[in-house]
Amino acid sequence: MSLVSFWQAPSNIAIVKYWGKYGIQLPCNSSISLSLEAACTQTKVEVLPLSGKGTEVHFYLDGERKESFETKIWTLLHLLGDDCRFWKEHSLRISSSNTFPHSAGIASSASGMAALALCLLDLEFKFREQERPLNFFQIASSWARLGSGSACRSLFGGFVSWGKAEGLNSSLEEGAPLPFQVHSVFKGMKDAILLVDQAEKKVSSTIGHGLMVDHWFSERRFLQAEAHTQRLLSILKEGDAEGFVELTEAEALSLHAMMMTSASNYLLMRPNTIAVIEEIRAFRKQTGLPVCFTLDAGPNIHLLYPATIENRVKTLIDNLTQDFCLGKNLIDSMGTGPVELNSKE
Ligand code: DP6
């Protein structure tokens, strides 16, 4: 049987950060992220007959074979065990592309693993000749998690949680959308990604998570994250834009503080990261507008702001892009989650 599955999944930016894991990709604290709209990965998995060498997995990014990714895909396939077995009698040709440029400062592992998990799960059901169950996206989320932790939040739109805590529908194994409507002030939230530095990641996230194991501050950090999760739920319900600003920046700085204070410490912020942070804070003080920054495990700034003040923030974005950010930015916003694409494309 020759079959194809083709899915698009979004990137996400965490507000409460996942940093520290144990067991098989389980998070040490709960996290909450915002799924993006424009920054997505599109992945097509074609199932081919077995080769003489047994199952072969070929991965292509923008048409170019990337063997380094194939190792990660094999790890995921083995972790899935008997839950995903159609590939054992076939070979796979996986073609992926991102809707954002490689240099946009957006990690593609979350969107990439989410799109791949959707294709694999879809194919598994097709081979078993079973209908997709109602919890299809939840299962895909738990599969994506095995590829990359933060990927399990890319299976849903809007604000998404991962981990177990009061008021969340997610678990340690899978992400879930927040179980309430967020206040209108946060609907269509904007994320301007300001590119401070294009260099490849200096330290992988997996190494970074590992450094939390014997970290002096890890226990307090995990408690802080849980407290922030609870506070963020109230902020999102009540429409507390100022509370959002304070919490989002505290989380970003805590994440980087963990890196700076781990046994083998490292620093991912660049001088222009700090310069942009200072400018954002000065702009906020001057205008009173609820703009704030967050960072993932890198030097680039995500400038978050409500869609309603888009016009007033434009000049700030233009100035920061020109003065500190290699003239490059990508303005994205809250997205609605994965989309199944036409596999004949
Ligand atoms: C800083 O999900 O990339 O972006 O599970 O090892 O693949 P692995 O790590 P990854 O870690 C992301 C960490 C973060 C914060 C977050 O997205 O919550």
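Helices here are DSSP runs of H or I with at least four residues, numbered from the N terminus. In this predicted model, helix 6 covers residues 241-260 and contains Glu251.

**Domains and their interface**

The domain assignment divides the chain into domain 1 (3-181) and domain 2 (184-333). Their centres, taken over C-alpha atoms, are 24 Å apart. Contacts link 35 residues of domain 1 with 44 residues of domain 2. Between them the two domains bury about 3,200 Å², and 67% of this is on carbon and sulfur atoms. On the domain 1 side, Ile15, Lys17 and Trp19 lose the most area to domain 2, together 26% of what that side buries.

The interface has 0 salt bridges by the rule applied, while 13 residue pairs are in polar contact across it. Strand 1 (4-16) and strand 4 (31-49) are the elements that give two or more residues to the domain 1 side. Strand 4 supplies the largest share of that side, 8 residues. By class, the domain 1 side holds 21 nonpolar, 10 polar and 4 charged residues.

Glu251 counts as buried because its relative accessibility is 0%, and buried means under 20%. Beyond four places in sequence, Glu251 touches residues including Ile15, Val16, Lys17 and Arg221.

Ser154 sits in the loop between helix 3 (136-147) and strand 8 (159-162). Ser154 also counts as buried, at 0% relative accessibility. Among the residues it contacts beyond four places in sequence are Ala9, Pro10, Ala110 and Pro338.

| Residue | Partner | Distance |
|---|---|---|
| Glu251 | His228 | 2.5 Å |
| Ser154 | Asn12 | 2.9 Å |

Technical notes:
Residues are numbered from 1 along each chain as its sequence is written. This is a predicted model: local features need pLDDT of at least 70, side-chain atom pairs count only at pLDDT 80 or more; totals for chains, interfaces and linings use all residues. Side-chain values use heavy atoms; hydrogens and water are left out. Buried means under 20% relative accessible area, exposed over 50%, partly exposed in between (1.4 Å probe, protein chains only). A polar contact is a pair of N or O atoms within 3.5 Å; within protein, one must be able to donate a hydrogen and the other to accept it, and residues adjacent in sequence count only if both atoms are side-chain atoms. Contact means heavy atoms within 4.5 Å. Domain bounds come from an automatic or database domain assignment. Buried area is the accessible area (1.4 Å probe) that two parts lose on being put together, summed over both. A salt bridge is a side-chain nitrogen of Lys or Arg within 4 Å of a carboxyl oxygen of Asp or Glu. Ala, Val, Leu, Ile, Met, Phe, Trp, Tyr, Cys and Pro count as nonpolar, Asp, Glu, Lys and Arg as charged, and the others, Gly among them, as polar.
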